[in-house]
Amino acid sequence: MAEKLKIATTSLGGCFGCHMSFLDIDERIVDLVDIFQFDRSPLTDIKHCSEYVDVGLIEGGVCNSENVHTLREFRKSCKVLVAVGACAINGGLPAMRNFVPLEECLAESYLTGEGIVNPQIPSDVELPLLLDKVHPIHELVKVDYFLPGCPPSGNAFWRFLTDLAAGQTPTLPYGLVHYD
Amino acid sequence: MTWSESKQEKVLTIVCKHEKRQTRLLQILREVQEEFHCVPRYAIEIVAAELGLSRTKVEGVVQFYSLLSLEQQGRFHILFSDSITDQFQGSRKLMDYMSAKLGVKPGQTRSDGKVSLGFTSCTGLCDQGPAGLVNGHWISRLNESQIDRIVDMVEREVPVSSWPLEFFHVEDNIQIPGLLLQSPIEQGEALKQSVRQGFDEIFIEVTRSGLRGRGGAGFEAAWKWRFCAEGPEDYSGLSLVGRNERYVVCNADEGEPGTFKDRILLNSNAHQVIEGMTVCAGVVGAKQGFIYLRGEYYRLRPKLEAILANRRANNLLGKSILGRNGFDFDIEIHMGAGAYVCGEESALIESLEGKRGVPRVRPPYPIDRGYLDQPTVVNNVETFAAVAAIAAYGGAWFATHGTEKSKGSKIISISGDCERPGIYEYDFGISIAEILMDCGAENTLAVQVGGPSGGVISGKEYHRKLAFEDLGTGGSFMIFNKKRDILEIVRNFTHFFAHESCGFCTPCRVGTTLLKNQVDKICDGHSTALDLVGLTSLAKFIKTASHCGLGQSAANPVLGSLSHFPQAYKDRFKDVVFEPGFDLDESLETARQMSLRDDPWAHLEQ
C-alpha cells in the first residue's frame, strides 16, 4: 500500500469549533486514517510540522505574532493549505475588534475595565503581541483552498478530504454550502 | 436636552414649504443640512413625524447621500474634488496646504465649529481644476494664493454670499462648437414648430433623426418615447380615459468624473434643454417634468429657476402652452445630494421620490413604471437639447450628420493633459487622433473615454472613432500623458467606485472594496504575480454578478488597464511567491508600545 498522506491542522484565532465539526465525521475517521496520517495537530499534540506535509487545515484568523509564525510554518511545510471556516476566510468574530482601536481594546481589558485589580498591560517575551487588526489568512500567505462554513459540516470536511485524496479538485455540492 | 423652539420652528417651516410631501424628503433634508450644517437627530424625528415616515427611513436617506451628514460640519464646509484630473493638477497638495493653515484634517470639523474639510468625487470642473465646493458653491482654478485668501475669509467669518464673485467664476470654455452649439434655437422656436405641425409629426421627425440617448447607453429616443406614450394601458387593454400620468425627467446628474458638458448646456443653453423637455411632454402627454440637478451644480439652480419663471410668463410652460388647449406642462427642479449612482435612471427616479438612490430591478423599465410607478421618460440634458433642435430644424437636418448608426453630434468634455481642455462638439465618427490634435494633446499615454465606467485606450487605437458602434461615451474624455502612472489612475477610479457603490448588492458592495484593497496592494509595492490571478477573477466576478451598471463597470479600469498596459503591473511585482499587503511589523507597533517591549520576539519580518 502506498504511503499515507500527511495532514496537519491548527487553530489560530479560532474557537476550535471547526475542529469539533471535523470530528463530526464520526466513525469515518477510521477510514480517514487509512488514507491520512495526522502530523502537527491538536489531535496528536505534535508541536511542529514535519518537513513535508500534504494538507494543512487552518482554522481561525491571524490575531497575533504567534499566529503569523504558526501560519508561516504551515505554509512552508504544506503542499496544499486550506482556510477552514469563517474566521480563517474572513477574520470572523475576532475581527469584530477591527472596529475598535487596539489601544482601546487593551485599555478596556487590562487598565480601565470594571473589576480590574492591579491594572497593567501584560508584558513578557513569551506572550505573543496583538496585531492592530485581525486578518484572514489569505492576506498573509498564499491559500490554495477555502472550505466555507461556521463551521463547515463534518460532511463538508469528509467530501473535501476524500476528493483531495482521490486526486480530484475538491468540489462542494450545494447542500454542503447551504446553511439555513 | 430638548431642541429650542426656534430650531424646531425652522425645521417645520422647511417641511411645510414642501407641503409635507414624502417625495420632497431629499429636498427637505438638503435645506435642513444647509440651515444646521448637518441633519440633527431632532430634525430627523420632526421630519419623520410630519411626513409620516419612520425615523430609520429618514436617517437611511441622510446616510445615503454624501452631501448630507449626521455629524456636525463647519459653518464653512469646504470640499476638494478628488477626480483624477484634479489630483494631477495638484489638488491633494493644495488640500494639505489648506489643512495645515486651518488646522483641521480632511474629513474633520474644527473644534470651534467654524470649518470642515473633505473630498468629493468630482465637481464637474475638470477643465478648470483643481476645483472644489464651498458650502455648495463652485470654486475653480485653486492655487496657494487663492487658498490664503479663502482661509483669511473663513477665519474672519465672511459669509460666502459676500465673497468676491471672482472666486465663483466658472467659464463655459467652449473650444470647438458643432452642430448643436453653433445653431442654438430661438426661445420658443421648437415649440411653435411643434404646435404648428402637431406632435405626431414631431415624433416622426425625432424618429427620422435617429437620435440616440446622450447619457451613454445610446437607446433610441423615439423608441423610449413611443413606449412611454403607449404605456402599460395598451397592453392591458384599458381605455385611454383612465390613462396614467406621464412624466418627463431630465437627467442632469452629471456625475461621471470628467464629464461637464451638461454644466455648459444648463448654464448657456437651458432654454433649449427645457424646450426639448416640453416637446417631449407634448409627444408623450406628460403634465409634469423634473430636472434632476446634481447637488454639485447647486450654483446653476437660481438661473434655471429664473428661466422656468420666464418661460411660464411667456406661456412656454404652464397651462395651455402657446394657447393650445390641453397642452399643460410644468417643470420642478430636484436637487441631488452627491450620489453618483443616481445617474442611473431607475436610481434617479427613486431619488426623485425622496428615497435612497438604489437602482430598481428592471424590467419594468421607467417607460412602463417610472416615477410613482407611472410611465416616465428619462433623457439626458444633451438629448433634450438635440430634441429641441430637431423639432425646430427637422429630423433630416440632424440625420445628415454623424454615422450610419450614430446620427448627429456629440458634445464631449475634454480634461487632463492637453493644451486646451474644455468643450468640443463633433459629428459622430470623428477619430480619437483628430480630437487629440485639436485639443493640443502630446505624448499621450492613454485616453479614458466615457469616464471611469468607460474604457481606456492606448496609442495603437487612436484611429478608433467616437460613435456608439465603436467608442461610446457620455461625454467624458480624459487625456493622460506619458508622465502619468497608469496604475495611479486605476487606483483613483477603483477608489471612486468603492466610495460610490450604493451598497445594495453584495458583489458590488464587497467586491469594489476588495478590488480597491488589491489595487492598493499593487500600488504600494506588495504584490506578486499571484495577486494578479486573484485580481482578474475578482474583477470578472464583479462585472458579471452586480445588480446595476455601476457594479458592472466598476472593474473596467482594472480589466482595461490589464489588457492595454500589462507591463505596468508586471513592473511592480516582487520576486516572491506572496507578501502581505500591509506592513506586518508596523501592525505590532501599538502592542509593542503599550507592553513596553522591543525584544526580537516583538518584531515580525515582512
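**Reading the strands and helices**

Author: Start with one pair of residues: Val249(B) stands opposite Val378(B) in β9(B). This is a predicted model, where local features need pLDDT of at least 70, side-chain atom pairs count only at pLDDT 80 or more, and totals for chains, interfaces and linings use all residues. Residues are numbered from 1 along each chain as its sequence is written, while chains are lettered from A and ligands numbered from 1 in the order in which they are written.

Reader: What counts as a helix or a strand, and when do two strands pair?

Author: Helices (H or I, at least four residues) and strands (E, at least two) are DSSP runs, numbered from the N terminus. Two strands pair if DSSP finds at least two bridges between them. Take strand β6 (residues 247-252) of chain B: 5 bridges join β6(B) to β9(B), and the two run parallel.

Reader: Which strands make up the open sheet, and in what order?

Author: The open sheet has 4 strands in the order β8-β7-β6-β9 (chain B), with parallel pairing. β8 (330-335) and β9 (376-380) of chain B each have a single partner strand, so they stand at the edges and one side of each lacks a neighbour in the sheet. On average, neighbouring strands of this sheet are turned by 20° against each other, direction ignored.

Reader: Which helix lies across β7 and β8 of chain B?

Author: Helix α14 (residues 301-313) of chain B does, lying across β7 (288-293) and β8. α14(B) runs at about 170° to β8(B). Axes here are lines fitted to C-alpha atoms, for helices over the stretch in contact, and angles run from 0 to 180 degrees between N-to-C directions.

Reader: How do I describe two packed helices?

Author: Two packed helices are described by the angle between their axes and the distance between the axes. Here, helix α10 (residues 199-209) and helix α16 (residues 381-393) of chain B pack at about 115°, with axes 9 Å apart. α10(B) and α16(B) are therefore roughly perpendicular. Angles under 35 degrees count as roughly parallel, over 145 as roughly antiparallel, 65 to 115 as roughly perpendicular and the rest as oblique.

Reader: Which residues of α10(B) and α16(B) make the contact?

Author: Ile202(B), Glu205(B), Val206(B) and Ser209(B) of α10(B) meet Val387(B), Ile390(B) and Ala391(B) of α16(B). Two residues are in contact if their C-beta atoms, placed from the backbone, lie within 7 Å.

Reader: Now a hairpin. How many residues lie between β12(B) and β13(B)?

Author: The hairpin has 5 residues between its two strands. Gly450(B) in the turn has a positive phi of about 90°. Strand β12 (residues 444-449) and strand β13 (residues 455-458) of chain B run antiparallel, joined by 4 bridges. Val449(B) faces Gly455(B) in β13(B), and Val447(B) has Ile457(B) as its bridge partner there.

Reader: Is β12(B) mostly covered or mostly open?

Author: Mostly covered: 6 of its 6 residues are buried. A residue is buried if 20 or more other C-beta atoms lie within 10 Å of its own, exposed if 12 or fewer, and partly exposed in between.

Reader: Why does Asn135(B) count as partly exposed?

Author: Because Asn135(B) has 18 C-beta neighbours inside 10 Å. Asn135(B) lies in the loop between β3 (132-134) and β4 (137-139) of chain B. Leaving aside neighbours within four places in sequence, Asn135(B) is in contact with Phe76(B), His77(B) and Val160(B). The C-alpha atoms of Asn135(B) and His77(B) are separated by 5.2 Å, though the residues are 58 apart along the chain.

Reader: And chain A: how many helices and strands does it have?

Author: Chain A has 6 helices and 7 strands. Their order from the N terminus is β-α-α-β-β-β-α-β-α-α-β-β-α. Of the 180 residues in chain A, 37% are buried. The C-alpha trace of chain A spans about 60 × 40 × 30 Å along its principal axes.
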